[in-house]
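Here's a quick tour for anyone meeting this protein for the first time. Have a look at the fold, then follow the notes below.

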Amino acid sequence: MKKRTKGMLMAGAFLTLAATALLIRADIPAEELEARYSSPSSRFMHLDGARLHYRDEGQGAPIVLLHGTAASLNTWDGWTSKLSKSHRVLRLDLPGFGLTGRNATDTYSIDYYSDLLLHFLDSLGIEKAHIGGSSLGGQIAYDFAASHPERVQKLILVSPTGVTNANDKRISMPFRMAQTPLLKHSLKYITPRFIVEQSLKEVYGDDSRLHDDIITMSHDLLLREGNRQAFIARMNTIDADNLHKLGQVQAPTLILWGDADAWVPATDAKHFQQHIKGAQLKLYPGAGHIPMEELAQQTAQDALLFLSPSTAQKD
């Protein structure tokens, strides 16, 4: 009986190891992904300890677009194709994500990103710009607008973070794993494509709009060398409370939110609207956490209307 039990335990351990091995994904070299996902409008600059990837497209008044956690500048593809006809559109792969990858110090706080945005504008000689941000990018955007009001013309926030508790049960499994001491280091190795697919389905209100190439690209960029370590570092970063900065935002502000957001509840939108003087709010029925990607044409048109010089801030 003891030999049989021992044999069963050994077999179980073997199956567990075999199953784990099937889930392991190796890093993809940065050069390989740059060849695959950079474009003629891609630029790279060394800034604040990172080799920053950004794209510079169109002409006119500049607008800088910031993506959310575990995303990339590609989330703004739909907006860029429309906005670049009348604006200079600059979009970044924030350090820790996309083709930019890990920075030199593994620092990914809101303060770090806000300073990076300031230095980015300075490096390009841009004195004032519109700023748009989604999720984490939205939090960076309003923090920057509050700290540097003279540098922001108009502000667009798409489902920004910063209000909902980070430990909320709504957050995706990889996010919870990254914050769990016994599990977080496994994310450096065990990140199969289906985990990325499930997370993306959660941020779409209608996941029939989610295309296979988006899943593949998102998974590839997660596997960029250093990005998984950076993701863990970001998810374990405790930011200084910047909620008080909402009341310091002076720029005319548009808030866009999907009312079926499964990650950051649409009820948070009222908090931003109440604390940012004159802020306008637009909700999208049935849309999820990234309406600028899910409903690109509709949201981009709303953004253009707001950015029009004739659009005044409502009291």
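In what order do the strands of the open sheet run? The order is β1-β2-β4-β3-β5-β6-β7-β8, with mixed pairing across the 8 strands. Keep in mind that this is a predicted model, where local features need pLDDT of at least 70, side-chain atom pairs count only at pLDDT 80 or more, and totals for chains, interfaces and linings use all residues. Residues are numbered from 1 along each chain as its sequence is written, and side-chain values use heavy atoms, with hydrogens and water left out.

**The whole protein**

- Of the 315 residues, 51% count as buried, where buried means under 20% relative accessible area, exposed over 50% and partly exposed in between (1.4 Å probe, protein chains only).
- Among contacts with a separation of 6 or more, 74% come from residues 24 or more positions apart; contact means heavy atoms within 4.5 Å.

- Two strands pair if DSSP finds at least two bridges between them.
- Strand β4 (residues 87-93) is largely enclosed by the rest of the structure, because 6 of its 7 residues are buried.
- β4 pairs with β2 (residues 50-57) in the antiparallel sense over 5 bridges, and Arg-55 stands opposite Arg-91 there.
- β4 also pairs with β3 (residues 61-66), this time in the parallel sense over 6 bridges, with Leu-66 opposite Leu-92.
- Further along, β6 (residues 152-158) and β7 (residues 253-258) pair in the parallel sense over 4 bridges, and Leu-157 has Ile-255 as its bridge partner in β7.

**Helices on the sheet and against each other**

- α4 lies across β1, β2, β3, β4 and β5 (129-134), running at about 115° to β1. Axes are lines fitted to C-alpha atoms, for helices over the stretch in contact, and angles run from 0 to 180 degrees between N-to-C directions.
- Helix α12 (residues 296-307) lies across β3, β4, β5, β6, β7 and β8, at about 155° to β6.
- The axes of α4 (residues 110-123) and α5 (residues 136-147) come within 9 Å and cross at roughly 70°. That makes α4 roughly perpendicular to α5 (65 to 115 degrees).
- Residues making this contact include Tyr-113 and Leu-117 of α4, and Ile-140 and Phe-144 of α5.

**Loop residues worth a look**

- Asn-74 is found in the loop between β3 and α3 (77-83), and is buried with a relative accessible area of 12%.
- Leaving aside neighbours within four places in sequence, Asn-74 is in contact with Arg-55, Arg-91, Met-217 and Leu-221.
- Most residues other than glycine have a negative phi. Asp-48 has a positive phi of about 50° although it is not a glycine; Asp-48 lies in the loop between β1 (42-47) and β2 and is partly exposed at 29% relative accessibility.
- Ala-70 also isn't a glycine, yet has a positive phi of about 65°. Ala-70 is in the loop between β3 and α3, and counts as partly exposed at 42% relative accessibility.

Technical notes: Helix = DSSP H or I, 4+ residues; strand = E, 2+ residues; numbered from the N terminus. Parallel < 35°, antiparallel > 145°, perpendicular 65-115°, else oblique.
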